[in-house]
Amino acid sequence: MKVTNGEIFGSIQAFQEIVKVELPVKTSWMLAKLASKVDARFKSIEKVRTGLVMKFGTPNEETGQTEIKPGSDNWVEFVAGYNELMEQEDEIDMEKISIPEEVNGKPIMVSAGILAALEKFIEV
């Protein structure tokens, strides 16, 4: 499946939540494999994003961390680099995973936010 870095970046927390949902073994296994592949790519994306913050941001004297704020001197350059990073495409060697509506006669409860974040990766 072809995905953008933005789709990966936006899905990481949703993957952390959906793997906690009780699902059939095969579905859980497929989700765990996909989450692992997405997580590996997320770490690379986060490394580049952090590099952009370090390059264009300024140190916060109170926290000691480098940050970039809207309207700051380098904000436009940061946003351009960030957008370029998030638009990059990647190929993940997996198909969409089908999530059942019920398990043992009980409906699976997943929030709309999680489903929206995982739209590229799962189908219900």
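**View 1. Contact between helices H1 and H2.** Residues Asn-5, Ile-8, Phe-9, Ser-11, Ile-12, Phe-15 and Ile-18 of H1 meet Leu-31, Leu-34, Ala-35, Val-38, Asp-39, Arg-41, Phe-42, Ile-45, Glu-46 and Arg-49 of H2. Contact means heavy atoms within 4.5 Å. Helices (H or I, at least four residues) and strands (E, at least two) are DSSP runs, numbered from the N terminus. The model is predicted: local features need pLDDT of at least 70, and side-chain atom pairs count only at pLDDT 80 or more, whereas totals for chains, interfaces and linings use all residues. Residues are numbered from 1 along each chain as its sequence is written, and side-chain values use heavy atoms, with hydrogens and water left out. The axes of H1 and H2 come within 9 Å and cross at roughly 130 degrees. Axes are lines fitted to C-alpha atoms, for helices over the stretch in contact, and angles run from 0 to 180 degrees between N-to-C directions. H1 and H2 are therefore oblique to each other; angles under 35 degrees count as roughly parallel, over 145 as roughly antiparallel, 65 to 115 as roughly perpendicular and the rest as oblique. Their crossing is left-handed, meaning that the near helix is turned anticlockwise from the far one by less than a right angle.

**View 2. Packing of helices H2 and H3.** The axes of H2 and H3 are 10 Å apart, at an angle of about 170 degrees. H2 is thus roughly antiparallel to H3. On the H2 side the contact is made by Ile-45, Val-48, Arg-49, Leu-52, Val-53 and Phe-56, and on the H3 side by Glu-77, Phe-78, Gly-81, Tyr-82, Leu-85 and Met-86.

**View 3. The largest nonpolar core.** This core has 31 residues, and Phe-15, Ile-92 and Phe-121 have the most contacts inside it. Two or more residues come from each of helix H1 (5–18), helix H2 (25–56) and helix H3 (75–87). H2 supplies the largest share, 9 residues. A nonpolar core is a set of buried Ala, Val, Leu, Ile, Met, Phe, Trp, Tyr and Cys residues joined through side-chain atoms within 4.5 Å. Buried means under 20% relative accessible area, exposed over 50% and partly exposed in between (1.4 Å probe, protein chains only). Leaving aside neighbours within four places in sequence, Ile-92 is in contact with Met-1, Val-3, Ile-8, Leu-34, Lys-37, Val-38, Arg-41 and Phe-121.

View 4. Asn-5 lies in helix H1 and counts as buried, at 10% relative accessibility. Not counting residues up to four places away in sequence, Asn-5 touches Ile-45, Leu-85, Met-86 and Gln-88. Ala-32, in helix H2, counts as partly exposed at 37% relative accessibility. The C-alpha atoms of Ala-32 and Ile-18 are separated by 9.6 Å, with the two residues 14 apart along the chain.

View 5. Asn-60 is placed in the loop between strand S2 (58–59) and strand S3 (66–67), and counts as buried at 18% relative accessibility. A polar atom of the Asn-60 side chain lies 3.2 Å from the backbone nitrogen of Thr-63. Asn-60 also touches Gln-65 and Glu-67, not counting residues up to four places away in sequence. Asn-104 is found in the loop between strand S6 (102–103) and strand S7 (106–107). With a relative accessible area of 69%, Asn-104 is exposed. Phi of Asn-104 is near 55 degrees, a positive value in a residue other than glycine. Most residues other than glycine have a negative phi.

Terms used: Polar contact = N/O pair within 3.5 Å; in protein donor to acceptor, adjacent residues only side chain to side chain.
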